[in-house]
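Visitor: I am new to this structure. Please pick one part, look at it closely, and then show me what else there is to see.

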Amino acid sequence: MATKKPSLYFLTTELPWPATSGGRIKTYRLLKFLSQHYDVRLACAHGANDRNTLTELREASGIASVQVFGELRSRNALNWFMAIAQFPTLNCYRVYSKKLESVMRWGIEQAEVTIVDHLEMMEMIPENLISKVIYHSHNAEFRLWADYAKIETNPIKKWVLDWEADRVKVFERWAIKRTAFAFAAPNDQASIMDANKLDANKFRLTYHLGDESLLEKPTTDLKGNKPRVLFMGTLSWMPNKDGINWYIDHVWPQVVSKMPSAELIICGKGADSNLVNKAANTKGVSYLGFVEDLNAVMETCKAAIIPLRFGSGMKIKTLDAMYRGLPVLSSNVGIDGLDVEHDNHALICQNDEEWVQQTISVLNEESKMQAMADRARALVRDKYVYPQIFRSMLGDMQQTFPSDVS
């Protein structure tokens with residue numbers, strides 16, 4: 001007779017299906033792994049709530065059940081004022097549901113292990129149960145707000161962003177101090193510990209990875225490809241939106257003036273009308289929207305660009321490019337958390353001039369770029385793949401919440 005699996009309650013903001021963005025990919029892959037060892041029940045604050053979608057997720061991941069509650073509230077002035085009056089952060093208010101809060105209490109009480117995925121879900125957990133919870137962090141949340149404030153030119157918006165960053169930092173410290181421990185990437189651990197004076201023993205290691213099946217693809221033929229660079233990412237996420245707009249405005253015109261045949265391909269859902277129009281009216285730029293098979297686009301390019309100016313967590317787009325064997329051209333933010341060396345695994349740019357020069361180099365120096373991409377691919381194959389990090393996470397969970405897990 002099969003041994004009964006221990007129960008695990010998994011709480012997240014957005015239904016992780018289809019797994020088409022960085023956060024969804026990590027959450028889905030983690031759920032699929034955990035379902036091999038636990039009887040997993042999933043609750044999501046928002047997402048598609050039709051029967052077919054939920055069935056697809058259960059069948060693909062192996063989880064026992066899934067529930068979706070409510071709708072995600074917008075980021076606007078009214079909701080921000082509502083959040084100030086009633087909630088520790090704006091994002092906590094955006095996902096809040098009274099029904100979900102009630103269901104969460106019951107679920108945590110019944111489960112042997114509970115994982116809370118994303119900070120904003122922590123506010124709905126009763127304080128007497130929070131010590132039973134493992135927090136799975138995708139970002140140093142306060143840094144997203146603080147870094148965005150640094151590049152904001154409107155003084156009123158800058159003040160609002162700085163204030164929200166402080167609110168998030170206070171809530172992040174409160175949540176992590178009270179949970180059993182927090183899974184976080186190395187760079188986020190360092191940021192949170194430094195800002196919040198938290199001990200290292202409150203953290204366990206995780207990485208946020210991408211589509212490692214790209215490692216199975218053959219080497220990209222850089223010499224046979226057109227002078228084409230690729231940006232991929234969800235464009236409703238502010239760091240992506242800001243980064244690609246900045247690149248088009250400040251870097252791309254100089255690249256095209258020196259290389260008229262150069263092309264910039266942008267892939268990702270969620271672009272606003274401003275970006276769509278900008279791409280349509282800028283020489284050499286094509287916006288493809290959401291692309292089902294990114295590999296078909298990646299294998300036609302000479303490089304991937306990661307022009308992020310702020311953000312935290314590990315950047316899945318960087319890993320996906322390296323998995324596929326594409327040379328990577330990035331800011332420091334784009335390679336944060338990775339053991340990547342400039343000119344060895346990637347080209348890391350510090351200013352506008354370097355971005356222009358390195359974009360032209362990556363399009364022209366195929367042999368050098370091929371060798372660099374091969375070294376990067378070897379690095380991520382050896383260090384940044386899901387099986388080894390998930391086994392490590394399982395060990396941390398078992399040590400804290402012992403149970404009969406095979």
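Guide: Ser7 counts as buried, because its relative accessibility is 15%. Buried means under 20% relative accessible area, exposed means over 50%, and partly exposed lies in between (1.4 Å probe, protein chains only). The model is predicted, so local features need pLDDT of at least 70 and side-chain atom pairs count only at pLDDT 80 or more, while totals for chains, interfaces and linings use all residues. Residues are numbered from 1 along each chain as its sequence is written, and side-chain values use heavy atoms, with hydrogens and water left out.

Ser7 sits in strand E1, residues 7-14. Strands (E, at least two residues) and helices (H or I, at least four) are DSSP runs, numbered from the N terminus. The Ser7 side chain reaches the backbone nitrogen of Glu112 at 3.0 Å. Setting aside residues up to four places away in sequence, Ser7 touches Tyr38, Asp39, Gln110, Ala111, Glu112 and Val113. Contact here means heavy atoms within 4.5 Å.

Now compare Lys241. Lys241 lies in helix H9, residues 238-250. With 26% relative accessibility, Lys241 counts as partly exposed. Leaving out neighbours within four places in sequence, Lys241 is in contact with Leu235 and Asp272.

Next, helix pairs. Helix H6 (residues 141-151) and helix H7 (residues 155-178) pack at about 165°, with axes 8 Å apart. Axes are lines fitted to C-alpha atoms, for helices over the stretch in contact, and angles run from 0 to 180 degrees between N-to-C directions. H6 and H7 are therefore roughly antiparallel. Under 35 degrees counts as roughly parallel, over 145 as roughly antiparallel, 65 to 115 as roughly perpendicular, and the rest as oblique. Among the residues that meet are Phe142 and Trp145 in H6, and Leu161 and Val168 in H7.

Helices H1 (residues 22-34) and H2 (residues 51-61) cross at roughly 55°, their axes coming within 9 Å. H1 and H2 are therefore oblique to each other. Tyr28, Leu31 and Lys32 in H1 meet Leu57, Ala60 and Ser61 in H2.

Last, helix H14. Asn351 caps its N-terminal end, with a side-chain oxygen 3.2 Å from the backbone nitrogen of Glu353. The buried residues of H14 include Trp355, Ile360 and Leu363.

Notes:
Polar contact = N/O pair within 3.5 Å; in protein donor to acceptor, adjacent residues only side chain to side chain.
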